[in-house]
Amino acid sequence: MKFTRRPDRVRDGCAERLRGLHIPRPFELGAFLDRLAEQRGRPIHLEPQVTPPAGPCGLWIATSRADYVFYDAATTALHRDHIVLHEVGHMLSGHSNLLSGEVARALVPGLDPGSVESVLGRSHYSDQDEQEAEMIASLILRRADRTSARRPATSQQAEVLSRMDDVFGSPKRR
């Protein structure tokens, strides 16, 4: 991706868009999207899809009544979150690009193509739009402090981490 604006300006503009947005800690994508849907006054539906190798790993379809975010079903939870948050970045930035309503109907059977306001796939955004969406996804994940979600689930995991800290030193001590 070619940067069309200075990265610090992109970051500052994106951070401003996130002002007032509730980001749960520890981060849970469903809770985040429920709150965002409430703020936007329209539901956000997550739709896992089998993505062809050359296809986009994420897609956002905005209709007159709801938002649909498609993501690659065969990816990790962290990558899924990033893909979805990338599409959220497009939502929050007001990016739009009208593609074929037929694309939307193929993904959402029974959808009236006339209700489609926008169909956005990763390969159809400008470089600036991509920069903003990526930055927003990264800022949300950073603010969510994912480390709190990675605390050991078992005493055995805690013991292993404690031994690693003894050998390598705790990040707080370095």
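Analyst: Buried means under 20% relative accessible area, exposed over 50%, and partly exposed in between (1.4 Å probe, protein chains only). This is a predicted model, in which local features need pLDDT of at least 70, side-chain atom pairs count only at pLDDT 80 or more, and totals for chains, interfaces and linings use all residues. Residues are numbered from 1 along each chain as its sequence is written, and side-chain values use heavy atoms, with hydrogens and water left out.

User: Is glutamate 130 buried or exposed?

Analyst: Glutamate 130 lies in helix H5 (residues 127–144); helices (H or I, at least four residues) and strands (E, at least two) are DSSP runs, numbered from the N terminus. Its relative accessible area is 6%. Because that is under 20%, glutamate 130 is buried.

User: Which side chain makes a polar contact with the side chain of glutamate 130?

Analyst: A polar contact is a pair of N or O atoms within 3.5 Å; within protein, one must be able to donate a hydrogen and the other to accept it, and residues adjacent in sequence count only if both atoms are side-chain atoms. At 3.2 Å, the partner of glutamate 130 is histidine 86.

User: How many residues of strand S3 (residues 67–72) are buried?

Analyst: In a regular strand the side chains alternate between the two faces of the sheet. In S3, Asp67, Val69 and Tyr71 are buried on one side, and Tyr68, Phe70 and Asp72 on the other. The strand is therefore largely enclosed by the rest of the structure, and the count of buried residues is six of the six.
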